[in-house]
Amino acid sequence: MLASDLATLARVLRDDIAPRTASTSVVIADHPHARLIRYGSDQQLNAARESGAVPVLLVPPLAVPAGCYDLAPGVTPGNSVVEFLLSTGTVVYVVDFGDVTRAERHLGFEDYFDTFVPRAIGEAIDDFASGGDAVDLMAWSLGGTVSLMTAAHDKSLPIRSVITVGTPLNYMLLPPYPLVRTLLAPTGGRPATYVLRAMAGIPAPIVRTVYRGFAWERELKKPWYILKNLDDPEALARMQVIDRFQRSLPGYPGKVAQQMLVNFIVRDELSRGRLEFDDTVVDLTSITAPIFMVGSHRDAIASHAAVRHGEKIFTESAHVEFHTVETSHLGLLTGAAAAEQTWPAIAAFRARLDAERL
């Protein structure tokens, strides 16, 4: 091995191949569990205001940091969704739910779809302040579920469309959940909910381990991948960006974890489009806004069928569109396949909505 290769390997081990970068941003509102951030420069904001472009509000999954939408901008091509959206002249906001500890164990889905996201929508529109009257909600994975719940719970909210990427809508099409349901249904899931309550949710270390487990093949091949790419800093930088992302995953709040188990799996409510959270009913079938979904046959976390199930749920939507991109769960959001297929498809969908406004 050459001295240069040894030096590169040392940098890999020190995790300093990929620079730590982030798109220009400003905090618009700083609420507990719901910080609203706007990306882009003042010039980009003014240009979007003048053009009347509809802003995008990004909603992160509940066990994923908001930074998932802005992975290493300017470092390697195709990593940052934020960077792409800004390049199209769109003003981009993200609602950052923050970290999850035992103190957040009381948070349930109601807090997100009834308070955090609706408030962020209003604050984003107020900040944009150019006569705009709506936002496009865009979300990855479970963030898409929260976005859809938000649109269904209050149809008076100024939501032009909901865009979901890798969002499963039928957990019975995701192994091993049918077996879990069979085992827990007789008790209503109580033994497992007791455990989740005692743990105050699903702690970050467990979430990170499970996520890496779904990508077991990547983890197994990583040593060989590093050695093979010692002369390709860009490939190693992409690897480090993903590794950092995996190490940053927070946990699930206690109440959310229990609701996912009971409402999504034991009662199988999500697949039918009608969810009951205590005295609150969320009817996904009543959403009228246009919906755009992206799924993949290669997604080990959200199967193609589970994502596409939305076509059977959103019967009242003005327009439902499903797009297939064959890549991994994270690859649907960021990476070469996302940059070449997911992002252009979403841009084309939004452009069609723009044309309908004229």
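A: What follows goes through the core, the aromatic pairs, the salt bridges, the backbone and a surface patch. Keep in mind that this is a predicted model.

Q: Start inside. Which residues touch the most other members of the largest nonpolar core?
A: Phe109, Trp140, Phe264 and Leu284 do, in a core of 111 residues. Helix α4, residues 109-128, supplies the largest share of that core, with 10 residues.

Q: What is Phe264 in contact with, leaving aside neighbours within four places in sequence?
A: The contacts of Phe264 are Phe109, Leu142, Thr145, Met149, Tyr171, Met172, Gln259, Leu270 and Leu275. Phe264 also belongs to an aromatic cluster, together with Phe109, Phe113, Tyr171, Tyr177 and Phe277.

Q: How many aromatic pairs are there?
A: The count is 11. One of the pairs is Phe97 with Tyr112, which is edge-to-face. Their ring centres are 4.8 Å apart, with 85 degrees between the planes.

Q: Where do those two sit in the chain?
A: Phe97 is in the loop between β4 (92-96) and α4, while Tyr112 is in helix α4. They are 15 residues apart, and the pair links distant parts of the chain. Phe97 and Tyr112 are both buried.

Q: And Phe113 with Phe277, what kind of pair is that?
A: A tilted one, at 5.9 Å centre to centre and 40 degrees between the planes. Phe113 lies in helix α4 and Phe277 in strand β9, so the pair ties together parts that are 164 residues apart in sequence. Both Phe113 and Phe277 are buried.

Q: On to charges. How many salt bridges does the whole structure have?
A: A search finds 13. Among them, Asp136 meets Arg350 at 2.8 Å, N to O.

Q: Are Asp136 and Arg350 buried or exposed?
A: Asp136 and Arg350 are both buried. They are also part of a network of salt bridges that links Asp136, Arg160, Arg350 and Asp354.

Q: What about Arg35 and Asp30, how far apart are they, N to O?
A: The distance is 3.1 Å, side chain to side chain. Arg35 is partly exposed because its relative accessible area is 33%. Asp30 has 54%, so Asp30 counts as exposed.

Q: Which residue forms a salt bridge with Arg308?
A: Glu311 does, with the closest N and O atoms 3.0 Å apart. Arg308 has a relative accessible area of 37%, so Arg308 is partly exposed. Glu311 is at 37% and is partly exposed as well.

Q: Switching to the backbone. Which residues does the cis peptide bond join?
A: Pro175 and Pro176, with omega at about 5 degrees. Pro176 lies in the loop between β6 (159-165) and α6 (177-184).

Q: What is the phi of Ser141?
A: Positive, at about 55 degrees, although Ser141 is not a glycine. Ser141 is in the loop between β5 (135-140) and α5 (142-153). Its relative accessibility is 13%, so Ser141 counts as buried.

Q: And Asp268, where is that found?
A: In the loop between α11 (254-266) and β9 (274-277). Asp268 has a positive phi of about 50 degrees and is not a glycine either. At 10% relative accessible area, Asp268 is buried.

Q: Back to a strand. What is the relative accessible area of Val162?
A: 0%, so Val162 is buried. Val162 is in strand β6. Its C-alpha is 8.1 Å from that of Ala139, 23 residues away along the chain. Beyond neighbours within four places, Val162 is in contact with Leu137, Ser147, Leu148, Ala151, Pro290, Ile291 and Phe292.

Q: Last topic, the surface. Which residues make the nonpolar patch?
A: Val195, Met199, Ile206, Val210 and Phe214, covering about 390 Å². Helices α7 (190-199) and α8 (204-214) each give two or more residues. The largest share, 3 residues, comes from α8.

Q: How accessible is Val210, one of those?
A: Val210 sits in helix α8. At 43% relative accessibility, Val210 counts as partly exposed.

Conventions
Residues numbered from 1 in each chain as written. Predicted model: local features only at pLDDT ≥ 70, side-chain atom pairs only at ≥ 80, totals over all residues. Heavy atoms only, no water. Patch = residues over 30% accessible without salt bridge, like charges linked within 9 Å, V, L, I, M, F, W, Y side chains within 5 Å. Areas by Shrake-Rupley, 256 points an atom, 1.4 Å probe, with all protein chains shown as cover. Salt bridge = Lys/Arg side-chain N within 4 Å of Asp/Glu carboxyl O. Helix = DSSP H or I, 4+ residues; strand = E, 2+ residues; numbered from the N terminus. Buried < 20%, exposed > 50% of the residue type's maximum accessible area, 1.4 Å probe, protein only. Core = buried A, V, L, I, M, F, W, Y, C linked by side-chain atoms within 4.5 Å. Contact = heavy atoms within 4.5 Å. Phe/Tyr/Trp six-rings, centres within 6.5 Å; stacked < 30°, edge-to-face > 60°.
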